[in-house]
Amino acid sequence: MQPSAERRIAWGHLALVTALAAVALAYLIDARKVSLHPHNLLFLQPTAILVLVLWAIIALACLRGDRSGEAPAQTWSERAKVLALVGTFGLFILGVERIGYDIAAWAFVTVVIAIGGERRPLMLALFPAVFVAAVVLAFKAMIPYPLLTVIL
């Protein structure tokens, strides 16, 4: 710890995450005004709550400031990985409606862990399938059976 280091608050990052959290909160409030039925809020409310929790964590980090000085420069390969992850997420969103959540999520998780550096074939084959199966089973366990038949 260097007491002489200058404390820098990341105002740009703080403004961006605050704007995103405000939009998520406004959307949740608007959706709750229309209907409080669980079918309508099933994905929206937990996502909005998660966004607000993440906002609090990121805002705290922004306010604490960076005492280390300059951020390390990213290489082109690191930037390419980030762009590949963003593109993969876009393809996931497009694929959810066309090929279904199960297959799109499996493909997304497989590609993401491959981009992240996983090279073991067994891990690439098993982890995405187990992860997606766990998510789907947890989703089915959360919803009462009559509501599940209406959704599916």
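Author: A definition comes first: a crossing is left-handed if the near helix is turned anticlockwise from the far one by less than a right angle, and right-handed if clockwise. This is a predicted model, in which local features need pLDDT of at least 70 and side-chain atom pairs count only at pLDDT 80 or more, while totals for chains, interfaces and linings use all residues. Residues are numbered from 1 along each chain as its sequence is written, and side-chain values use heavy atoms, with hydrogens and water left out.

Reader: Which hand does the crossing of α1 and α3 have?

Author: The axes of α1 (residues 11–34) and α3 (residues 44–64) come within 9 Å and cross at roughly 160°, axes being lines fitted to C-alpha atoms, for helices over the stretch in contact, with angles from 0 to 180 degrees between N-to-C directions. Therefore α1 is roughly antiparallel to α3, a term for angles over 145 degrees. As α1 passes α3, the crossing is left-handed.

Reader: Is V96 buried or exposed, or something in between?

Author: V96 has its place in helix α4, residues 76–99. Buried means under 20% relative accessible area and exposed over 50%, with partly exposed in between (1.4 Å probe, protein chains only). Because its relative accessibility is 29%, V96 counts as partly exposed.

Reader: How many helices are there in the protein?

Author: Helices here are DSSP runs (H or I, at least four residues), and strands are runs of E of at least two, numbered from the N terminus. Along the sequence the pattern reads α-α-α-α-α-α-α. The protein has 0 strands, and its helices number 7.

Key
Parallel < 35°, antiparallel > 145°, perpendicular 65-115°, else oblique.
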